[in-house]
Amino acid sequence: MVLALAFAAVVWRLVDVQALSAARFGDLGLEQRVRRVTLAPERGAVFDRDGHELGLSVPAQTVWADPRAVTDPAGHARRLAPVLEVEEATLLERLSKPGAAFVYLQRKVDDETAARVRDLALPGVYFVPESKRHYPANTLAAPVLGLVGIDNEGLGGLELQYEELMAGRPGELVVERDPQGRDIPSGQRQYRPPAPGQDLILTIDQALQFEAERALSRAVAEHGARGGLAIVMDVSTGDVLAMANVQAWADGGAGPEPNTARNRAVTDVFEPGSTNKVVTVAAALEEGLVTSETAFAVPDRLALADHVFTDHKPHPTEQWTVREILTRSSNVGTILIGQRVGRERLDAYLRAFGFGRETGLGFPGESAGLLLAPEDWYPTSMGTVPIGNGLAVTALQMLDVYAAIGNDGMRPQPRLVEAVVDERGRRHDLDPGPQQRVVSGQTARLLLDMLRDAVTDGTGTRAAIPGYAVAGKTGTARKPLENARGYSDRHVASFVGLAPAENPRLAAIVVLDEPTPMYGGVVAAPVFAHLMHRALRLEGVPPGPETTG
Amino acid sequence: MSPAAAVAEARAPRARAPHLRLVTALPRRRVRLAATLTVAVGLLAVFGLVGFHVFVVQTQIELERLEAEVVQEQEQFERLRLEVALLSSPDRVLGIARDELGMVEPDRVTYLAVRESLPGDESKPAARTWAEVKPHLVARR
């Protein structure tokens with residue numbers, strides 16, 4: 001009887017396992033054997049316009065541990081600390097973590113470190129492959145490129161702006177594995193490969209970018225400035241060939257900013273000062289209110305509301321043409337021209353030239369600048385705004401003004417990326433952004449001619465380049481007080497220009513923050529000349545036939 | 001049994017004997033041959049199945065080994081790519097030019113004006129495709 005019952009129980013269990021609950025046990029078994037492994041995609045690389053790698057991801061090993069399998073946490077920590085360069089106490093805490101089956105010891109170590117850890121042959125310590133981001137040119141264009149986090153997600157700069165393109169799509173491997181983790185050869189196997197991220201090809205020229213950072217660093221150090229910016233742009237396409245951000249160091253030197261810094265060329269604003277006078281003159285010319293030879297009686301001081309505006313050099317009242325007012329960078333003369341334009345029209349031209357809104361570059365953190373609506377202007381605004389005070393712009397916005405003048409009155413949309421390369425290695429060129437007519441070609445050519453005089457006869461003589469005709473404008477603007485109305489005795493010095501003046505190909509801006517001396521024509525113009533000369537040679541623009549360098 | 005009972009039993013109608021048919025016995029040789037063949041085929045099938053399974057497993061192992069090798073080579077390619085980029089960084093090149101080769105930047109640049117046109121002046125250089133700039137990356141993808 002007992003035997004019969006036992007036999008019946010066995011039979012019942014057999015029927016249950018094989019028939020009634022077969023599906024459930026089958027699924028359970030499969031669940032224990034089947035592993036889904038997420039395959040991380042390769043992040044897209046960043047190249048300059050000639051294909052030099054500026055940012056790329058390379059395989060690395062991440063060291064991890066299973067605390068349950070670690071027999072001697074203190075011993076492991078003591079041996080690993082000098083190799084991984086992590087505090088022994090930190091490692092001990094991780095290796096002793098109760099209930100944990102997975103703890104990171106060090107993410108993304110190099111091959112040499114991984115080999116040294118392997119040689120230690122510590123039980124419970126394992127490796128998992130990951131990829132690590134590298135920037136081979138170090139700090140070159142670092143604030144422009146941006147940075148990624150520990151999990152390769154874009155955190156700033158172009159890495160953030162193009163995160164969706166560059167991240168790629170993860171793949172998946174579904175495989176049956178035995179308890180030792182080995183693949184079961186005849187088992188289930190499904191493989192969906194990861195889709196690599198797309199590569200970016202920038203408009204940046206690595207050689208010119210390097211030269212811009214070098215020249216700017218020298219000027220910042222030489223003139224004791226706090227920092228500097230420089231941008232070079234192709235006026236017909238808006239391609240940014242170089243965008244340099246430089247900071248002063250505590251030891252008196254200077255160098256490029258790291259990738260954790262803001263891209264000040266597009267995020268920070270400053271009062272442009274005299275470089276903005278070209279907008280006032282452009283408005284007057286375009287509206288037919290003046291010609292380049294229209295004369296004004298220009299004193300050296302002018303009272304407006306509760307303020308007296310002065311020229312930078314005392315002089316008797318002179319009959320100066322519009323051309324001379326711009327060439328001499330006369331504040332009073334420009335205010336008189338501005339008064340003829342009027343508040344509403346001046347505001348319209350400032351906005352048409354791109355002030356008060358982002359350039360369309362799409363860069364993270366880009367500033368639209370500061371431009372009050374005309375109804376909010378102060379009584380002194382008709383004195384400040386025409387000469388570039390009372391408004392704030394980014395270096396890129398100001399450069400775009402001059403690019404418009406050099407591009408026959410059409411304002412180009414700046415861009416940093418000229419193409420992407422898809423996962424199959426095919427290049428896809430991106431169309432330049434739309435251009436906007438700001439002034440007529442005739443007005444633009446007239447302005448170019450006057451700006452050329454500003455370099456040959458005016459305040460911008462140090463921007464001259466042997467063999468090339470240059471058109472441009474100096475700027476020396478007082479910095480506003482930080483927590484009060486009014487201006488400090490510190491200055492921003494700048495120079496914006498175009499070359500070759502007879503048919504501009506390139507525009508460039510150089511800005512120095514609090515240099516000594518403070519004049520744009522003295523400190524910024526020479527940097528412009530050096531940088532523009534290099535840029536013209538790189539672009540293969542021949543000099544004029546009558547001179548040699 | 002009494003004589004009378006025996007007589008009675010003898011006289012009682014007997015049950016009909018089942019119809020029996022004489023069956024000729026198969027030759028022993030044929031039976032043995034059939035059995036041997038069956039076993040042989042069975043064994044062949046089993047061994048064949050095992051052999052096929054071994055082949056599949058070996059091929060799978062080889063495939064995984066090759067896949068791992070491909071991954072390894074690709075990773076090595078990426079590392080070398082980084083090394084090339086590091087070696088050609090402008091900072092490094094400038095340092096070598098200045099500090100090791102003693103090169104200096106010129107004070108001035110002299111341009112030579114070529115008055116006569118040269119062969120090829122009229123033709124524009126073809127735009128460089130990505131495949132020309134980075135052929136190894138195109139192939140890799």
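Okay, some housekeeping. Residues are numbered from 1 along each chain as its sequence is written, while chains are lettered from A and ligands numbered from 1 in the order in which they are written. Because the model is predicted, local features need pLDDT of at least 70, side-chain atom pairs count only at pLDDT 80 or more, and totals for chains, interfaces and linings use all residues; side-chain values use heavy atoms, with hydrogens and water left out.

Let's start with the sheet in chain A. It's an open one, with 6 strands in the order S13-S12-S11-S24-S23-S22, and the pairing is antiparallel. Strands here are DSSP E runs of at least two residues, helices are H or I runs of at least four, and both are numbered from the N terminus. Two strands pair if DSSP finds at least two bridges between them. So which strands sit at the edges? Those are S13 (254-256) and S22 (471-480) of chain A, each pairing on one side only. On average, neighbouring strands in this sheet are turned by 15° against each other, direction ignored. For angles, axes are lines fitted to C-alpha atoms, for helices over the stretch in contact, and the values run from 0 to 180 degrees between N-to-C directions.

Val246(A), for instance, has Pro256(A) in S13(A) as its bridge partner.

Now the helices on this sheet. Helix H9 of chain A, residues 206-222, lies across S11, S12, S13 and S24, and runs at about 30° to S12(A). Helix H17 of chain A, residues 441-456, packs on the sheet too, touching S22 and S23, with its direction at about 75° to that of S22(A). Contact here means heavy atoms within 4.5 Å.

Side chains of opposite charge can pair when their charged atoms come close. We call it a salt bridge when a side-chain nitrogen of Lys or Arg is within 4 Å of a carboxyl oxygen of Asp or Glu. How many salt bridges are there over all chains? The search finds 41.

One of them joins Glu163(A) to Arg43(A), with the closest N and O atoms 2.9 Å apart. That pair links distant parts of the chain: Glu163(A) is in helix H8, Arg43(A) is in the loop between S1 and S2 of chain A, and they are 120 residues apart. Is Arg43(A) buried or exposed? Arg43(A) is buried, because its relative accessible area is 4%, and buried means under 20%, exposed over 50%, partly exposed in between (1.4 Å probe, protein chains only). Glu163(A), at 22%, counts as partly exposed.

Last stop, chain B. Its secondary structure comes to 5 helices and 0 strands. Buried residues make up 12% of its 141 residues.

That's my tour, thanks!
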